[in-house]
Amino acid sequence: MKSIANFILFILFTTAFANSAIAYQQETQAKRNVVFVLLDDLRYDGMGFLQEELQTPNIDELAANGVHFPNAVVTSSLCSPSRATILTGMTTRNHKIVDNNNSSEAGLTFFPSYLQDAGYQTGYFGKWHMGSHSDMPRDGFDKWVSFSGQGAYYPQDMIPPALAKKGVVNQLNVDGNSVGQKGYITDELTDYALNWLEHDVDKKKPFFLYLSHKAVHSDATPAKRHEGQYKEVDFKLPDSAVVTEKDAKNKPMWVHNQRNSWHGADFFYASDRKMQTYLKSYYATLSAVDDSLGEIVQFLKKNNLYENTMVVFYSDNGFMIGDHGLIDKRNAYEGSVRVPLVISAPGLLPKGVTNNSLVRNLDLAPTFLELAGAKQPAQFEGKSFLPVATGQVSESNWQSPDFVYEYYWEWSFPMTPTTFAIRQGDLKYIQYHGVWDIEELYDLGVDPQERTNLIRDDSYTEKLLPLRTALYQALRSSDSNKPSVPFNARLSEGVNLRNKNGLKAAPFPAWWLVEPNRRDKYMGLFPDTPLKLKKQRNNEMYFPFMESNYQ
Ligand SMILES: [Ca+2]
């Protein structure tokens, strides 16, 4: 009897052991690694498989092996607010990183913390540029390589000549320690990331690699090996880059006025540059990112990790290349809010497919957590799009949430007003806050370039009014149940009339009217001090951090 009992115990023990071993194996195999490649300011169509002039073989390869989402959008088209939305899974009105000057990250939890709880090893490499200007390691990451603010393409960029001569270089923060930047930033971040994968990551556990490039943010500076890559190329600019008389009447006044400003095509970053010239640097700068992607995929393949790794290629916001006479981002137009999104995940996602579902930056954190099998925290506001990405739910059956857009006016670039917008189906309604101007309504189904503002078209009135209401309802923040900028629902255009024979619109102040390419063009970004104001009024240069060294 005893031996039978022992035998049964033995069977029970070994079965339990075998089951737990299988469970462990399933768990470790089921949890897919993620490589999240985040770009800064890459336009939605800035990829070779969408523009034949562009050379991005590795991005194209990723698309051929995965899914391209042409309707990927961001709920705020500005670096810090969008990065905060990606990291927290919350909208700008709720995470409250409302502009690039906001320095509080208090109370926010970044999604990689939840991945750590789910057994992931997490590494952050690159540009943080969100909230606090500190470059110190943040919660949620086992490995940290970053820098404060915008960082620099090359080790001595922006270092005053006197200090550069002494060998002073820009600094990275590596796990809390200051380490000098040695080379071209895209290559250096890639080396740090690959080094982490190779030496620090336990290959038996899943990992999440967050590779956040400085590229291709202005002023885009290519790696030496890519200089002149597009010398002979003429890039196609959007049709709306040629602004007609009709467009000028159709669009808000601020759009017309912005054309001759830092973010306008006519006074490109306060210079006389042309977009065609800028794009040669912009896309040559993308090439090092393409090299980086190639190196990472090669590493994954060589180490038998590729089949179990999702690779995501994304940008924190879009980039306008003259659309409506404007450049850069911030507003709610398509070139600003649309971003590139390509995802490959062998065996999980289909290959070489275009998925037209509308997916927002808000939906990334829920998607990553679903992939990791982790519970969605209560503060997340997005919806995982994994079911439609894998094809488990068909595109036609997928319910994309409304696309609600918010941008909050910031003093440093005051030419774009606070902007709220909502897209339902093909209709996009845009309103502005705190500026005396018109609203906009576009039917993207028939007018994808947003050339015809339908705000005064009677045949759309029945659709416009519910959109205004839906936008107001959607903008309520979670803590107060009211819009984050205190204001009441918009019920009409307001009282806007002027005497047609009366006083014309005021001109801009005389001291704003200057020649292009001034060396002091950045001074408006530095906080006022008595010394700065004195120098500014005397047309003298002022740099706050290195005043005595700058010559
Ligand atoms: Ca950006």
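Residues are numbered from 1 along each chain as its sequence is written. Because the model is predicted, local features need a pLDDT of at least 70 and side-chain atom pairs count only at pLDDT 80 or more, whereas totals for chains, interfaces and linings use all residues.

**Domains and confidence**

The domain assignment, which comes from an automatic or database source, divides the protein into domain 1 (1-30), domain 2 (31-407) and domain 3 (520-551). The centres of domain 1 and domain 2, taken over C-alpha atoms, are separated by 47 Å. The average pLDDT, which is the predictor's confidence in each residue on a scale from 0 to 100, is 91 for the protein, and 93% of the residues score at least 70. Over residues 1-28, however, pLDDT stays under 50, and for this stretch the model has two contacts beyond four places in sequence, a contact being a pair of residues whose C-beta atoms, placed from the backbone, lie within 7 Å.

Helices (H or I, at least four residues) and strands (E, at least two) are DSSP runs, numbered from the N terminus. Helix H7 covers residues 185-200, and its 16 residues should span 22 Å at 1.5 Å a residue, which agrees with the 21 Å between its end C-alpha atoms; the expected span is 1.5 Å times one less than the number of residues.

A residue is buried if 20 or more other C-beta atoms lie within 10 Å of its own, exposed if 12 or fewer, and partly exposed in between, with C-beta atoms placed from the backbone. By that rule, the buried residues of H7 are Ile185, Thr186, Leu189, Thr190, Tyr192, Ala193 and Leu197. They cover an arc of only 160 degrees around the axis, which puts them on the same side of H7, the arc being that of the directions from the helix axis to the C-beta atoms. The face turned away from this buried side carries the exposed residues Glu198 and His199. The buried residues of H7 pack against strand S4 (121-127), strand S5 (143-147), strand S8 (207-212) and helix H10 (275-302).

A nonpolar core is a set of buried Ala, Val, Leu, Ile, Met, Phe, Trp, Tyr and Cys residues joined through C-beta atoms within 7 Å. The largest such core has 116 residues, of which Leu209 and Leu211 touch the most other members. H10 gives the most to this core, with 12 residues. Beyond its neighbours within four places in sequence, leucine 211 is in contact with residues including Leu189 and Ala193, which are also among the buried residues of H7.

Most residues other than glycine have a negative phi, and most peptide bonds are trans. The table lists exceptions.

| Site | Feature | Value |
|---|---|---|
| Alanine 215 and valine 216 | cis peptide bond | omega about 5 degrees |
| Serine 218 and aspartate 219 | cis peptide bond | omega about -15 degrees |
| Asparagine 304 | positive phi | about 55 degrees |
| Histidine 324 | positive phi | about 60 degrees |

Valine 216 lies in the loop between S8 and helix H8 (245-250), and aspartate 219 also lies in the loop between S8 and H8. Asparagine 304, in the loop between H10 and strand S9 (309-315), counts as exposed because it has 9 C-beta neighbours inside 10 Å. Histidine 324, in the loop between strand S10 (320-321) and strand S11 (327-328), counts as buried, with 28 C-beta neighbours inside 10 Å.
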